[in-house]
Amino acid sequence: MPVFISPASIDGVIMETVNILLIDEQPVVREGLDSFLVDYSDLDIVAFANSGQDGLQQVRKRPLDVVLMDLALPDMSGREAIRLIHDENPKLAIIVYSDRSDEVFVYQSLKAGARGYLLKSTPLEGVVSAIRRIHMDEYILSPELSPTIIDFYLEHRDLGEDYLGDYQELTDREKQVFRLIANGGITREIAELLCISPKTVAKHRTSIKKKLSLGSPVEMTQYAIRKGIL
């Protein structure tokens, strides 16, 4: 028999009921979260969607407080879905719930209008806490993600330039190599850590330099700090 927590509170503040829209293509995710959150009387999933367009329609249909959504959608990019939902209702608190941990996805999600980014490895109790705190106008990231990305976003959110535009041109492996170089790693160490050959590391290094117009490891470190990647 479920145990209902009523009234819920954070630091002595009574929580009002939070109406949630859950957008995820996977039925197991929708059903699993719904089954878990039913134990919390202040959190109510009032609508489900399996695509960006469906989610946008749900936003137009009913009063909502929080949107919890995946980035992997069948009809549009998660970034575009966030932007459309945010444009439709800027007061909605949008939380990305994804297995994508790359900082580019985090930054772009925040820039598009999200106020939180949770990895799907987050314990469900952490999801509950995040929903409540997002509803109280906080910004939330999974502990595994660098908190500097929020500081960087808040510092530059009013500027039109996409500061990670060139960085996102790197492949996933190039991003791994880039971060290791920027952190002071040398070719042999990077090769051993990633289980690739030093020749492959050198090839990635050359590609990174070309794509980012950088000439040395020092410049890579400076770039990573400037972009909020380190």
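Glycine 52 has contacts (heavy atoms within 4.5 Å) with Leu73, Asp75, Met76 and Ala81, leaving aside its neighbours within four places in sequence. This glycine is found in helix α2, residues 52–61; helices here are DSSP runs of H or I with at least four residues, strands are runs of E with at least two, and both are numbered from the N terminus. With a relative accessible area of 2%, glycine 52 is buried, where buried stands for under 20% relative accessible area, exposed for over 50% and partly exposed for values in between, using a 1.4 Å probe and protein chains only. Leucine 84 is 32 residues away from glycine 52 in sequence, and the two C-alpha atoms are 8.7 Å apart in space.

The model is predicted, so local features need pLDDT of at least 70 and side-chain atom pairs count only at pLDDT 80 or more, while totals for chains, interfaces and linings use all residues. Residues are numbered from 1 along each chain as its sequence is written, and side-chain values use heavy atoms, with hydrogens and water left out.

Of the 230 residues in the chain, 46% are buried. Among the contacts with a separation of 6 or more, 64% join residues 24 or more positions apart. The accessible surface is about 11,500 Å², and carbon and sulfur atoms hold 51% of this area; such areas come from the Shrake-Rupley method with a 1.4 Å probe, and for residues only the protein chains shown count as cover.

A strand residue comes next. Leucine 68 has its place in strand β5, residues 66–69, and counts as buried at 1% relative accessibility. Not counting residues up to four places away in sequence, leucine 68 touches Ile20, Leu21, Leu22, Ile23, Leu33, Ile95, Tyr97 and Val127.

Helix packing can now be considered. Two packed helices are described by the angle between their axes and by the distance between the axes. Here the axes are lines fitted to C-alpha atoms, for helices over the stretch in contact, and angles run from 0 to 180 degrees between N-to-C directions. The axes of helix α1 (residues 27–37) and α5 cross at roughly 75 degrees and come within 11 Å. The helices α1 and α5 are therefore roughly perpendicular to each other, a term for angles of 65 to 115 degrees, with those under 35 counting as roughly parallel, over 145 as roughly antiparallel and the rest as oblique. Leu33, Phe36 and Leu37 of α1 meet Leu124, Glu125, Val128 and Ile131 of α5. The residues of this contact comprise six nonpolar, no polar and one charged; Ala, Val, Leu, Ile, Met, Phe, Trp, Tyr, Cys and Pro count as nonpolar, Asp, Glu, Lys and Arg as charged, and the others, Gly among them, as polar.

Helix α7 (residues 172–182) packs with helix α9 (residues 198–212) at an angle of about 90 degrees, and their axes are 9 Å apart. That makes α7 roughly perpendicular to α9. On the α7 side the contact involves Arg173, Glu174, Val177, Phe178 and Ile181, and on the α9 side Val201, His204, Arg205, Ser207, Ile208, Lys211 and Leu212. Six nonpolar, two polar and four charged residues make up this contact of α7 with α9.

Rings of Phe, Tyr and Trp (its six-membered ring) pair if their centres lie within 6.5 Å, and planes under 30 degrees apart count as stacked, over 60 as edge-to-face and the rest as tilted. By this rule there are three aromatic pairs. Phenylalanine 36 and tyrosine 40 form a tilted pair, because their ring centres are 5.5 Å apart and their planes lie at 40 degrees. Both phenylalanine 36 and tyrosine 40 are buried. Phenylalanine 178 and tyrosine 223 are paired edge-to-face, with 5.8 Å from centre to centre and 90 degrees between the planes. Phenylalanine 178 lies in α7 and tyrosine 223 in helix α10 (residues 217–227), so this pair ties together parts that are 45 residues apart in sequence. Phenylalanine 178 is buried at 0% relative accessible area, and tyrosine 223 is buried at 2%. Ring pairs link Tyr167, Phe178 and Tyr223 into a cluster.
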